[in-house]
Number of protein chains: 2
Amino acid sequence: MVSFEDIAAAHERIKPQAKRTPVLTSATIDALTGAKVHFKCENLQRMGAFKFRGAYNALSQLSAEEKRRGVVAFSSGNHAQAVALAGRLLGIPATIVMPIDAPKVKVDATRGYGAEIVLYQKNQNREDLAKQISAERGLSVIPPFDHPHIVAGQGTAAKELIEDAGPLDLLLVPCGGGGLLSGCAIAAKHLSPQCRVMGVEPEGGNDATQSFVQKRLVTIAAPDTIADGARTPSLGKLTFPIVMRYVDDMLTVNDTELARTMFWIWERMKLVVEPTGALAATALLQQKVKAEGLKVGVILSGGNVDLRWAAAQVIKQQDH
Amino acid sequence: MVSFEDIAAAHERIKPQAKRTPVLTSATIDALTGAKVHFKCENLQRMGAFKFRGAYNALSQLSAEEKRRGVVAFSSGNHAQAVALAGRLLGIPATIVMPIDAPKVKVDATRGYGAEIVLYQKNQNREDLAKQISAERGLSVIPPFDHPHIVAGQGTAAKELIEDAGPLDLLLVPCGGGGLLSGCAIAAKHLSPQCRVMGVEPEGGNDATQSFVQKRLVTIAAPDTIADGARTPSLGKLTFPIVMRYVDDMLTVNDTELARTMFWIWERMKLVVEPTGALAATALLQQKVKAEGLKVGVILSGGNVDLRWAAAQVIKQQDH
């Protein structure tokens, strides 16, 4: 498992490079919810998401020989950019394997951080390709969430939040593969033992909620949601037992609620958050959870969104 | 005139209610510019802009009798919301006079802060109407920029920036009527005497630049720019001499540069800024000023933008 000490050690490791992102409050949101809400702005983290914390923590613990050989990661999303940037900062060659139809903007951003990009066809098996590239080139595979160094790194977000805001009654965390959720739950239960921790998923990718309720690791077939960071078919072998042990409840929100809340945050809080980044805030603002009278922490986990896509969504909402 | 002591006193007055907004940095922007850039995020201020600082400072210095009678302000923009919110917090009745074609979203926001809204026809003279309402109802007029309490309040933004970031080589400030610019220039020259202070205007509303160059108060006929907060026909009788004394230079940017930079900030810094709020950042990022090797402060002055308007702009840019 992962301990709070692992998170504290990760924090020391990443401090020189990761931002201590601001914790923001909003009188409007406090009035709406009757709670005192503290938003941890990981959309303002380097490369635009919390993912940098875990990636930098993982890469910096490789042996000198592993660092020399380099790393490989499989992602079309924020993990790709996180590994690419951490690699550049640590002088570790990074290879990122992306689907051939990955958005050009993300491919360019990842290449911009100096990574080598390998594109794969939709019909290729990602796992097999990973093993093949790793074996052929002697690269260390950096998984997106199911690794203790990743979990410990992501947990530093909640550590900073509670250090800055003080003990919480409730912490709401977006959930995809559960790396952020499990790390934050471990940190919160250590620093603020009375704090209830809840994970928030999109309805169209509710595997973790099913797993939580059924107390077994459920895998779903084809996650379908605008929250692209939560299109994971299941929690991991490591993150599932941590979620079962430290998380108090799971909630879901639908894509309509999510898009509405995401743009509300843009317009009212002046923060660009991506759909996955707005999951926890949506649970709060759509009143999926009783928050009145509580001191609440909300992780805004990322802000990497294509503005043209967002503009089309705004105009679609307007037409309805 | 206005002294640094006035700004320090204003700061004590507004501290209980105004946010100490975060100062953010970006490794990407530092790499692009060769400078160390510190962004003062007044888009994250209460009601979404620095205007709250001046309004709260001005309203809190009214006499008990003036507070009882109430205040009136003339604005379709951020000053309206600032006076409305400051009035609500101080228990002072606020009347806001807006043009009949003001965007519904701004009228609603202002009314949401508890202000009474008076709409006027386009053919009515605003100044006359102001005097009339003020006289009839015994209300104190709160001007948008040309008042020492407003200037002192706005100067607290630069005071906080320099306190948090340390002395600067260069400070870039958006300029409309010059309230923010003159207040920030006074604060910067006191706290960081070596700091050059530059004001940034839209080309389509370059009255302050003309005044600065010609050393006389120039009024332009019909400012035309997407930077609605800078559609002022001239500096004020108070702000003009302060700008002449404390500001080192004026710069202009065109609307194309402004829109491009504004959305770049949304996408890369994850901050929603309005066109006027992006003026200073545009001067830096479009290389209107030599910044290499310098420690630079940039005021992001506000973030109140209609998302539907912004979405249409994004799609228009895409089509070109």
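In what order do the strands of the open sheet of 4 strands in chain A stand, and with what pairing? The order is β5-β4-β3-β6, and the pairing is parallel. Before going on, please keep in mind that this is a predicted model, in which local features need pLDDT of at least 70 and side-chain atom pairs count only at pLDDT 80 or more, while totals for chains, interfaces and linings use all residues. Residues are numbered from 1 along each chain as its sequence is written, chains are lettered from A and ligands numbered from 1 in the order in which they are written, and side-chain values use heavy atoms, leaving out hydrogens and water.

Let us stay with that sheet of chain A. Strand β3 (residues 71–74) of chain A pairs with β6(A) in the parallel sense over 2 bridges, and A:V71 stands opposite A:S140 in β6(A). Two helices pack on this sheet. Helix α5 (residues 78–90) of chain A touches β3 and β4 (94–99) of chain A, and its direction makes about 165° with that of β4(A). Helix α6 (residues 104–112) of chain A touches β4 and β5 of chain A, at about 175° to the direction of β4(A). For these angles, axes are lines fitted to C-alpha atoms, for helices over the stretch in contact, and angles run from 0 to 180 degrees between N-to-C directions; contact means heavy atoms within 4.5 Å.

Now turn to chain B, where an open sheet of 6 strands has the order β1-β2-β10-β7-β8-β9 with mixed pairing. At its edges stand β1 (23–24) and β9 (249–253) of chain B, each with a single partner strand, so one side of each lacks a neighbour in the sheet. Strands β2 (residues 36–41) and β10 (residues 295–300) of chain B pair in the parallel sense over 6 bridges, and B:F39 has B:V298 as its bridge partner in β10(B). Helix α8 (residues 148–165) of chain B lies across β1, β2, β7 (170–174) and β10 of chain B, at about 135° to β2(B). Helix α12 (residues 255–269) of chain B lies across β2, β8 (196–202), β9 and β10 of chain B, running at about 85° to β9(B).

Finally, look at where the chains meet: 28 residues of chain A are in contact with 28 residues of chain B. The two chains bury about 2200 Å² between them, 68% of it on carbon and sulfur atoms; this is the accessible area (1.4 Å probe) that two parts lose on being put together, summed over both. A:E267, A:K270 and A:L307 supply 28% of the area that chain A buries against chain B, more than any other three residues. Across this interface the rule finds 0 salt bridges, a salt bridge being a side-chain nitrogen of Lys or Arg within 4 Å of a carboxyl oxygen of Asp or Glu.

Definitions and conventions: Pairing = 2+ DSSP bridges.
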